[in-house]
Amino acid sequence: MDKTQILISILYFYNYLVVFYFIGINLIYILLNFLSFFEIRKYARENKVMNAGIIFRSNFYMPVSILVPAYNESRNIVDSVKSMLQLHYPEFEIIVINDGSKDNTADVLKAAYKMTEVSLEPSSGLASKIVHGTYISRTHRNLILIDKQNGGKADALNAGVNYSHYPLFCALDADSVLDNESILKMSRTFIENPDLIAAGGIIRVINGCRIEAGEVVSIDLPSSSLACFQIVEYLRGFLFGRTGWSAMDAMLIISGAFGIFKKKEVVDVGGYRSDTVGEDMELVIRLYNKYRPENKMKIKFVPDPVCYTEVPESLSVLSKQRNRWQRGLIDSLILNFNMFMNPRYGTVGLVAMPFFVIFEMLGPIIEFTGYIVFAFSFFMGIIGYKFCLLFTMASITLGIILSVSSILLEELTFRKYTKVSHTLWLFFYSIIENFGYKQMNTYFRFRGTIDYLLGSKHWGEMTRMGFKKDK
Amino acid sequence: MLITALFCYIIAGKVLSGYREARKNKLYQNLEDAFLVMMVENDPAPIKKILDSIRSRDLESFIEFVSVYLTNLKGDDFDKIVDVIYRSHLFKYLCDSTVSSDIDLKLYSIYCLGLIKKPAGIDNLLAALDDPNIFVRMAAVASIAQTGCLEALERVLESLSKEKLVTSYKLSEMLWFFGEEICPPLLAELKKRDEKIIKIDEEDLLTAAVIDMLGHYKYFEAAEEIHSILKETRRNTIIKSCVDSLGKMVYSDAADDIIRNLDSPDSEVRVSAVKAVLELRADDQTGKLKQMLNDLDWNVRYNAALALHEMNFDFPSYMFSPELAGQELSRAFRTIVHVLTEKSAAMQENN
Amino acid sequence: MSKKVFVCEDESAIAKLIKLRLGADGIKDVTIFDNGEKLLAHFNTELPDLLLLDVMIPGVDGITVLKTIKGDERTRGVKVVMLTALSKEADIVKCLDMGADDYITKPFSPAELASRVKKILR
């Protein structure tokens, strides 16, 4: 056998691999799609509350501590806190953690809310960097500031958990805008499911929306098409990705921008890890790792409580963000690799872990090289144009159907985008994201995977990037 | 093909939902206008006509209307509107919906029956106390309380005592709807429970809430009973409620037992004890309160400082006394500064 | 002379109800504001005889608005009636201390509100 023949058979084999990969991932996506369709319909049927406040005015709740890690946020922090103070909730505290900002974040906050230094005692002992001081506002008794040495987002959150008083805590980004009733809706889920130890809500894109006094008053589409692509992507990721996984009791990701946890369980597993860039995902997987075998736990995605967040409108920032997400994902999976194919972890070990390892962790590599090998084989004449055309058509059609169905889910349930023109635009973007945007993302994640493999040598430098706001 | 179908489906859904939304808003608008006509011109005919035309799919607008107006009104206008609703088919519909399979419809009906405050719906509300969903049960408790039907109280307390409660705060708020007349039956209930208290070692939030309510209304007749519970119980939530209530009633017979709890291992109990000591004006406790300025818990320190301030304690000379000399960063010093700045800021704002 | 009344209340249904009720009782000149900022901005151009002020309004809260009005020489003469869901005694005393002329707690009776307003305007 000469060399060309070997090469050709390798290429042949690789093409088959890509085709199988493709069939596998799409089958799973379609399955997820169906699962979430029923799950969301069920949720919407049981919770079509137009005014959650009505239900809760004389009802149950669990007090919540809202943790807001802030690093160089002096420009926004006062407004963010103002918006959080307006939450409709009977009993909550806001704990801002100034993570050794280089600007005057702490001073701005102290001046705006008349804060005095009080020496609070931590109620739990998660590891975190030195705390310089704790402050309480004289105007809002439920606002606390913790001033500490810089240690990254995970470290800041741990400090926040230590000083929180309530059985639930909510981890937020300093720039997220919570819907006024989000915490109420989340809390309802916690009370109806006593086994729940963590829950994530939906993240929606704030770009283009109008904000008044820290509240989103009208929802519109942004002018940047990059942001519009991300709207479709977020809808897809949350409405059918996470809902589907949640229906299988195997949701591995709660976004760091908005998630609620039971304090006790988080403290028992040791809180956030500050040596990874994916501290949010890692914590959730570690919770499964510890509690899933005991089987008395649930982690859920609740599709209704909304948190708005700004998405990058520039390619370079987007690429950095995706790169970081990919590294965080790989790291979280590797740190908890004992669960891989382990039947003790049920659907998490047998379905979610393998899926994430094969399709999310290695996926970008297979896809990216797949494109190259495919093109190469086509020009070498190894595969015929008919097959090639068919395969491209099939992949694009499936992609479009998946994208469009997430818009359908949104339209069937929450309808945040009210105008017909909104739907038309979203529909348009959900079709054309299959011609370029998705491929571009694959490339960013491919780069992330490569960076992870190379970067694991100098780990220290990368951790510090974890907390940098990609703005 | 499939995509085109999906597309048409989405757009059609959109248009339809827009139409429904418009219909809903229009109905709400009509209800509002008709109500205003009734109020100003004393003519109930238009609103009667609209209420009669409401079908189940329009219920959302009706509920919204009820929740806005009935929660904000009282007096003649309230009676008038409730009367019209009561005499329409909607009242029966609401009663029937308390056993609907749709949880939200159930919740809303229960909520509305509470707002309407007619005792006629009480049987349906009592039945809802056995619902499998906790929110439905709690909504029923609140609505029963709003009807002010004291005969149902025993049944409500019985059903509440079966719940695994999370916090007593809202519980008292629910009982509060019954009004001040709730005190005598609550006291009777308390006497019945008295026996159980030392035997069970679990925290009992319902008893705590009952004691809180009696304290809230300063129902002095209950003071002796609460005092005897305070002496016997070992449960912190109940101790806290007893101390709170006895403080509010300024029941000086219990002073010793309240003061004893200044040393409780539970910080919330210490806070309550400090507050009660202030209510009782137990001036002989200033030495103890001064010590508590160094308490590990911030809330205790803060309340001790507040109490001392109210008792006209001379903070400035204490701050420069040998006891605190050179301790500017100590807990006590910081707490004093905190309270003093807060007080002076409040004074400035008022002038 | 007809009297001018401003109503600062974020729940539009309640504001409308008050306006109609007052209108039926002969006070036709009623303007509605849905938040404190807008109200205070309008105070620069026009002053009412009486202001009905809700304590719980978005943006600047009612207590602060009251403080601002009663703290300014020019606006001090405006009568203020607080409309509040707070039924705690301490809060009511606080409002009256700061110069409010009367207070009405929610839930309220529109007829009673109108008669109190008329009494103060007389």
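In what order do the strands of the open sheet in chain C stand, and is their pairing parallel or antiparallel? The figures below take that up first, using a predicted model.

**Figure 1. The open sheet of chain C.** Five strands make up this sheet, and you can read them across in the order β2-β1-β3-β4-β5, with parallel pairing. Look at the two ends of that order: β2 (29-33) and β5 (102-105) of chain C are the edge strands, each with a single partner strand, so one side of each has no neighbour in the sheet. On average, neighbouring strands here are turned by 20 degrees against each other, if you ignore direction.

**Figure 2. One strand pair, β4 with β5 in chain C.** Strands of a sheet pair through backbone hydrogen bonds, either parallel or antiparallel. In this view, β4 (residues 79-84) of chain C and β5(C) pair in the parallel sense, over four bridges. To get your bearings, find C:V81, which stands opposite C:D102 in β5(C).

**Figure 3. Two helices packed on the sheet of chain C.** Helix α2 (residues 36-43) of chain C packs on the sheet and touches β1 (4-8), β2 and β3 (50-54) of chain C. The direction of α2 makes about 155 degrees with that of β1(C). Helix α3 (residues 62-71) of chain C packs on the sheet too, touching β3 and β4 of chain C. For α3, the angle with the direction of β3(C) is about 155 degrees.

**Figure 4. Two helices crossing in chain A.** Here we hop over to chain A, where the axes of α10 (residues 315-335) and α14 (residues 420-455) come within 8 Å and cross at roughly 55 degrees. That angle is why α10(A) and α14(A) are oblique to each other. The crossing of α10(A) past α14(A) is right-handed. Residues making the contact include A:L318, A:R322 and A:I330 of α10(A), plus A:M440, A:F444 and A:Y452 of α14(A). Sorted by class, this contact has eight nonpolar, six polar and six charged residues.

**Figure 5. Where chain C meets chain B.** Chain C brings 17 residues to this contact, and chain B brings 17 residues. About 1500 Å² is buried between chain C and chain B, with carbon and sulfur atoms giving 61% of that area. Keep an eye on C:K16, C:L17 and C:P107: they supply 29% of the area that chain C buries against chain B, more than any other three residues.

**Figure 6. All three chains together.** Two pairs of chains are in contact, and chains A and B share the most contacts. Chain A and chain C have no contact joining them, and their closest C-alpha atoms lie 7 Å apart.

Note on methods: Residues numbered from 1 in each chain as written. Chains lettered and ligands numbered in written order. Predicted model: local features only at pLDDT ≥ 70, side-chain atom pairs only at ≥ 80, totals over all residues. Heavy atoms only, no water. Pairing = 2+ DSSP bridges. Axes fitted to C-alpha atoms, helices over the stretch in contact; angles between N-to-C directions. Contact = heavy atoms within 4.5 Å. Parallel < 35°, antiparallel > 145°, perpendicular 65-115°, else oblique. Left-handed = near helix turned anticlockwise from the far one by under 90°. Nonpolar A, V, L, I, M, F, W, Y, C, P; charged D, E, K, R; others polar. Buried area = accessible area lost by both parts, 1.4 Å probe.
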